[in-house]
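Subject: Handover of a structure

Dear colleague,

Please find below the structure that I am handing over to you. My notes on it follow.

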Amino acid sequence: MFSFLLPIASKIVSDAVAKIPDDAELGDKLINICLVVLEKEVKMTKTTADDKLLEAVKEALKSR
C-alpha cells in the first residue's frame, strides 16, 4: 500500500511546490517556518549533536 501511495503523494507535493511563486519574501517566511519546526524537534531530542547542527544552520542563514 505504501509503495502505491508514495508516488501519488510525491506528485501532489511536487505540483503544490511548483505553484508557489518565486518571491524573496515568501522564501524568507518559508525559512522561518522551517526553523521553528526544527527548533521544536531539537527540543524533543536528548542529544547535543542536533543542537549544534541547528546553531550551525542558524549561523549560516544569518551570514547569507
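What percentage of the 64 residues of the protein chain count as buried? The share is 6%, where buried means under 20% relative accessible area, exposed over 50%, and partly exposed in between (1.4 Å probe, protein chains only).

Please note that this is a predicted model, in which local features need pLDDT of at least 70 and side-chain atom pairs count only at pLDDT 80 or more, while totals for chains, interfaces and linings use all residues. Residues are numbered from 1 along each chain as its sequence is written, and side-chain values use heavy atoms, with hydrogens and water left out.

The protein chain has three helices and zero strands (DSSP runs numbered from the N terminus: helices are H or I with at least four residues, strands E with at least two). Its radius of gyration is 16 Å, well over the 11 Å that the globule rule gives for 64 residues, so the chain is more spread out than a compact globule. The radius is taken over C-alpha atoms, and the rule is 2.2 Å times the number of residues to the power 0.38. Along the principal axes, the C-alpha atoms fill a box of roughly 35 × 35 × 15 Å.

Ile-8 lies in helix α1 and is partly exposed, with a relative accessible area of 40%. Between Ile-8 and Leu-61 there are 53 residues in sequence and 33 Å in space, C-alpha to C-alpha.

Yours sincerely
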